[in-house]
Structures are given as C-alpha cells and as structure tokens.
Amino acid sequence: MTTVNPRHLSDALRVGACGIYPLEAGTGLLADCGNWLHRDDFTSRFITTGTSISDGVTLLASTDWEAAVTAVHAGELPASGGERRILLLAASIADGIPVSLSDTLPGIDRRNASLVVSAVAHAAGLPDP
C-alpha cells in the first residue's frame, strides 16, 4: 500500500463511506479522534485505498473494521485505553460489531465523548448537535 497523508486518508475514508449514515458516523469518529490515521501499524493493515472508477482520480478508502477489532482484542494492535475504546465504538457504529457500552464508555474524555455523541446522532440521520 502506498502511504497516504492522514488528512488525505481521512478525506478518502469519508468519500468511501458517503451516503451510508452509520458508516459515515463510524468513519468520522475514527478520523476525528486524531490517533488511528496517524499510525502506520493501523493504516497499513486495516485501511484499503483505491481510485474511484467513476472519475479515475478521486481517492477512496475503507476500513476492515472486523480485522482491526480482532487485532486489538488479540493484543496484535497495541492501543491505549482511549484508543481502544474509540476504535471499538467506531467499529460498532460503522459495521455493527457488538460492543458493551457499559465497559467502553467509562473513561472516555470529554472531547471523545462529544465525538461519540455526534457520531451516534449522525448514524441516526439527525443533524450534528
């Protein structure tokens, strides 16, 4: 995989998720938390990029949510408690991967809690708070 600048990768992920509210919301949460897209050990293994077939230029990207969550649970993808929580929540919102909210939400800081609330509202099709 070619290395993509995190800003461009964020844009490509958002374009790839466009039109599917839960996928947009989970992808946005992952991108907005500010950690995962800066980690080569994450992006090289769990993000796939390509070029749009409609225009041949637009960069698209997608996340292999299940593989990323499996790697975190298996200890193959090191993560702080906060990184782990955000990844699990984003994967649940985007791809329906089960997560225990009572285990995952405690300990999230105010900034990330706000991002989660916005992601849930977006996934439900509501305007961002």
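**Figure 1. Glycine 75 sits in the loop between helix 4 (65-73) and helix 5 (81-95).** The model shown here and in every view below is predicted. Glycine 75 is exposed, because its relative accessible area is 59% and exposed means over 50%. Glycine 75 and alanine 61 are 14 residues apart along the chain. Their C-alpha atoms are separated by 25 Å.

**Figure 2. The whole chain has seven helices and two strands.** From the N terminus on, the order of elements is α-α-α-β-β-α-α-α-α. The radius of gyration is 14 Å, close to the 14 Å that the globule rule gives for 129 residues, so the chain is as compact as a globular protein of that length. The C-alpha trace spans about 45 × 35 × 20 Å along its principal axes. Of the 129 residues in the chain, 37% are buried. Contacts across the sequence can be followed here too. Among contacts with a separation of 6 or more, 58% join residues 24 or more positions apart.

**Figure 3. Glycine 16 belongs to helix 1.** Glycine 16 is partly exposed, because its relative accessibility is 37%, between the 20% limit for buried and the 50% limit for exposed. Beyond its neighbours within four places in sequence, glycine 16 is in contact with Leu60 and Ala61. Tryptophan 36 gives a further reference point. Glycine 16 and tryptophan 36 are 20 residues apart in sequence. In space, 17 Å lies between their C-alpha atoms.

**Figure 4. The largest pocket holds about 200 Å³ of space.** Helix 1 (6-17), helix 2 (21-32) and helix 7 (110-123) are the elements that each give two or more residues to its lining. Helix 2 gives the largest share, five residues. The lining residues are Arg14, Ala17, Glu24, Ala25, Gly28, Leu29, Asp32, Leu115, Ser118, Ala119, His122 and Asp128. By class, five of the lining residues are nonpolar, three are polar and four are charged.

Figure 5. How many disulfides does a search of the whole structure find? The search finds zero.

**Figure 6. Aspartate 103 lies in helix 6 (residues 101-104).** Is aspartate 103 buried or exposed? Aspartate 103 is exposed, because its relative accessible area is 59%, and the cut-off for exposed is over 50%. Aspartate 103 and arginine 85 are 18 residues apart along the chain. Their C-alpha atoms are separated by 8.9 Å.

Definitions and conventions:
Residues numbered from 1 in each chain as written. Predicted model: local features only at pLDDT ≥ 70, side-chain atom pairs only at ≥ 80, totals over all residues. Heavy atoms only, no water. Disulfide = S-S within 2.5 Å. 1 Å grid on protein atoms, 1.4 Å probe; cavity = no way out; pocket = protein on both sides within 12 Å on 5 of 7 lines; lining within 4 Å. Points joined across faces, edges and corners; volume = space filled by probe spheres on them. Helix = DSSP H or I, 4+ residues; strand = E, 2+ residues; numbered from the N terminus. Nonpolar A, V, L, I, M, F, W, Y, C, P; charged D, E, K, R; others polar. Buried < 20%, exposed > 50% of the residue type's maximum accessible area, 1.4 Å probe, protein only. Rg over C-alpha atoms; globule rule 2.2 N^0.38 Å. Contact = heavy atoms within 4.5 Å.
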